[in-house]
Amino acid sequence: MAVLQSCLYLVVLLSVILPAAKSLRNPAMRLRFGKKGEFKILQVADMHYGDGKATPCEDVLPSQLASCSDLNTTAFVRRMIRAENPDFIVFTGDNIFGFDATDAEKSLEAAFGQAIASNIPWAAVLGNHDQESTLSREGVMKHIVGLKNTLSRVNPSEVNPIDGFGNYNLEVGGVQGSAFQNKSVLNLYFLDSGDYSTVPGIFGYGWIKASQQFWFQLTSAKLKRAYMSKPLPQKSAAPGLAYFHIPLPEFSRFDASNYTGVRQEGISSPTVNSGFFTSMVESGDVKAVFTGHDHLNDFCGALNGINLCYAGGFGYHAYGKAGWPRRARVVVANLETTSNGNWGTVKSIRTWKRLDDEHLTAIDAQVLWSKTSVGC
């Protein structure tokens, strides 16, 4: 009996210790602006990682085909980290291509390996292919959350139940030692845009559901109250950025006259417009949305005060266009200086893309938002 009690006690103890030990791999990290008043984000979309060296490339030049594999994707992530030295890395779904990933856990660890090795904080959301290997969508997100240096979360505690996995927000504080060091001056939202419709009679891709929008509205309102309250109360909300995989139907509202970048394929948004774009417009804080999914589109266009941006295809096992380089998007927020020479709140948000060519060529630099442009 004593032996049985000891065994039961050990089981209970391990059930407490092991999750706690796992969480210690990622001690609480506060994202914040650096001493130069800048916060830089690298977006990586659609890696479509499979089994590494054994997984061939898609849609590359004939001269590249023989030696091309998932390792080219790995090398591109590494080059981008070294070139840009970002403060934060965001992976916006289809991180692995489930059908060609023999072991989802191993493929995820390889896909995120360069971010993990860099010791740069990173986060991820799910696409429509991540769950097609040996883990469910919930299983994939739970595995991601357990990886080193990630700030990803499975779901918020404030709204339960909530649709999907990987709905969470992160706050970016001001410069250490400045008056805004304990205030979030930039807010990041991450959402699960789903995979495929499960509603009878509605076909195509998934969408951001009502429960997720309710969470977003609650979170946005809470952050706005905090930003506009003492100490240092501000007149309006801090700017926000949203990251998810599948583009909203509103991405189809652009033509070549009102965007920067290219549109080389259709907009593969859900057939249902769930109203999330309207929710963001009403909340008033989101200045830009960043998605993936359509690998041959890399444009940014502004609609009702919100920039809708593709990253462009990154992964070499993803479909692409031979001779059209894989690419990544960089976003930089810069702070203003106050009258006494200290760092204040966000002044501007800029973006550009880099191509995976010999020189990591930077293209399509543009200002997404600035305080002066909105008269505040």
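Both Cys300 and Cys309 are buried, where buried means under 20% relative accessible area, exposed means over 50%, and partly exposed lies in between (1.4 Å probe, protein chains only). Keep in mind that this is a predicted model, in which local features need pLDDT of at least 70, side-chain atom pairs count only at pLDDT 80 or more, and totals for chains, interfaces and linings use all residues. Residues are numbered from 1 along each chain as its sequence is written, and side-chain values use heavy atoms, with hydrogens and water left out.

How many disulfides does a search of the whole structure find? The search finds two, a disulfide being a pair of cysteine sulfur atoms within 2.5 Å. Here they are side by side.

| Disulfide | S to S | About the S-S bond |
|---|---|---|
| Cys57 to Cys68 | 1.9 Å | -80 degrees, left-handed |
| Cys300 to Cys309 | 1.9 Å | about 115 degrees, right-handed |

Let's look at the link of Cys57 and Cys68. Cys57 sits in the loop between β2 (38–44) and α2 (62–65), while Cys68 sits in the loop between α2 and α3 (70–84), so this pair ties together parts that are eleven residues apart in sequence. The helices (H or I, at least four residues) and strands (E, at least two) are DSSP runs, numbered from the N terminus. Are these two cysteines buried or exposed? Cys57 is buried, with a relative accessible area of 6%, and Cys68 is buried too, at 7%.

Now for the pairing pattern. If you number the bonded cysteines of the protein chain in sequence order, the pairing reads 1-2, 3-4.
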